[in-house]
Amino acid sequence: MQDFYSFIGKNFKYTRESLNNKIQGKIFIKFVVNKDGQIVEPKILKGLGYGLDEEAIRVLLRYGDWIPGEQRGIKVRCSFSLPLSLQAGR
């Protein structure tokens, strides 16, 4: 997970509007990792607006493949809900 959050931090681009308004807080995002390890069905559970929600999805989808979940040795789809913390002026 450390690599994931590092990737998000390096690739997330704040919108001009969000910087001008000093928007900060957490975006809660839900997604599914399918049997192939690909991220699918991203959805914002709680967003901040100002284009930041769309940027969170864009960066999430750029992240490389995940290791799919397994149940009794069989690869299965897994659902994740994660917070992304954003601080004004970054």
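In this predicted model, β1 and β2 form a hairpin with five residues between them, and G37 in the turn has a positive phi of about 85°. Strands (E, at least two residues) and helices (H or I, at least four residues) are DSSP runs, numbered from the N terminus. Residues are numbered from 1 along each chain as its sequence is written. The model being predicted, local features need pLDDT of at least 70, side-chain atom pairs count only at pLDDT 80 or more, and totals for chains, interfaces and linings use all residues, while side-chain values use heavy atoms, with hydrogens and water left out.

Strand β1 (residues 25–33) pairs with β2 (residues 39–46) in the antiparallel sense over five bridges, where pairing requires that DSSP finds at least two bridges between two strands. The result is an open sheet of three strands in the order β2-β1-β5, in which β2 and β5 are the edge strands, since each pairs on one side only.

Turning to helix α1 (residues 2–11), its buried residues (under 20% relative accessible area, with a 1.4 Å probe and protein chains only) are F4, F7, I8 and N11. They cover an arc of only 100° around the axis, taken from the directions from the helix axis to the C-beta atoms, which puts them on the same side of α1. These buried residues pack against α3 (52–62) and β5, contact meaning heavy atoms within 4.5 Å. On the other side of α1, Q2, G9 and K10 are exposed, that is, over 50%.
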